[in-house]
Amino acid sequence: MSKKETNKYEKFCKNNQDLNFWGIELLRDNLLPDILNEDTHDILYWAGKNLAIKFPVSLDTISTFFKQSGFGNLELLKNSDQKMVWKLSGENVEKRIKLNQDADFMLETGFLAQTKQQISGFSTEAEYHIKFKSTVEITVISDTSKQVQDPSECHPIKIKE
């Protein structure tokens, strides 16, 4: 283990009582960027879309799904046919940003884009910005001129609260 890696572990332990979160930090913000290199953002985005296909949720249950998945607290700030703005916050989000100012939230971003696409039936993409070093704002945009599927084909899973 290099000095740099030791310092990351010591920094994590010093600032966090929840060692269960260490696994997420270890894999998501340390190992994956080393393996995926410059493709990290793109692959995590498409991985998020893939997860949304495997685990389709409704807008009514998506916040619960995010919390249960350890992604954080999800709050809808703005909603129209073409644009949604979400706020992702919570202890895990704050920890990830505090430990790594380049923390990547493309997995969550891709998940939201694909979920909106499945619900609306229109081509949808999304992007995120870290706000105030403790929250993430995710903007989801649908192109209502590009229909990609029939929304009735999507059957959301039931989320246990």
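Why is helix α6 largely enclosed by the rest of the structure? Of the 15 residues of α6, 14 are buried, so the helix is largely enclosed, where buried means under 20% relative accessible area, exposed means over 50% and partly exposed lies in between, with a 1.4 Å probe and protein chains only.

Before I go on, a word on the source: this is a predicted model, in which local features need pLDDT of at least 70 and side-chain atom pairs count only at pLDDT 80 or more, while totals for chains, interfaces and linings use all residues. Residues are numbered from 1 along each chain as its sequence is written, and side-chain values use heavy atoms, with hydrogens and water left out.

Let me stay with the helix. Just after α6 comes G121, with a positive phi of about 85°.

What does α6 pack against? One partner is helix α3, residues 40–54, which packs with α6 at an angle of about 45°, their axes 6 Å apart; axes here are lines fitted to C-alpha atoms, for helices over the stretch in contact, and angles run from 0 to 180 degrees between N-to-C directions. That makes α3 oblique to α6, since angles under 35 degrees count as roughly parallel, over 145 as roughly antiparallel, 65 to 115 as roughly perpendicular and the rest as oblique. On the α3 side the contact includes H41, L44 and Y45, and on the α6 side it includes M106, L107 and F111, with contact meaning heavy atoms within 4.5 Å.

Now to the sheet, which is open and has 4 strands in the order β1-β2-β4-β3, with antiparallel pairing; two strands pair if DSSP finds at least two bridges between them. The edge strands are β1 and β3, each of which pairs on one side only, and the twist averages 20° from one strand to the next. The helix α6 packs on this sheet, touching β1, β2, β3 and β4, and its direction makes about 150° with that of β3.

Taking the pairs in turn, β1 (residues 73–79) is joined to β2 (residues 83–89) by 6 bridges, and L74 has L88 in β2 as its bridge partner. Between β2 and β4 there are also 6 bridges, again in the antiparallel sense, with M84 opposite V140 in β4. Strands β3 (residues 122–131) and β4 (residues 135–147) are joined by 10 bridges, and F122 has Q147 as its bridge partner in β4.

Finally, the loops. Most residues other than glycine have a negative phi. In the hairpin of β3 and β4, with 3 residues between the strands, F132 takes a positive phi near 55°, and K133, in the loop between β3 and β4, also has a positive phi near 55°. K133 counts as exposed, at 71% relative accessibility. Elsewhere, N37 has a positive phi near 50° and lies in the loop between α2 (22–36) and α3, where N37 is partly exposed with a relative accessible area of 48%.

Key
Helix = DSSP H or I, 4+ residues; strand = E, 2+ residues; numbered from the N terminus.
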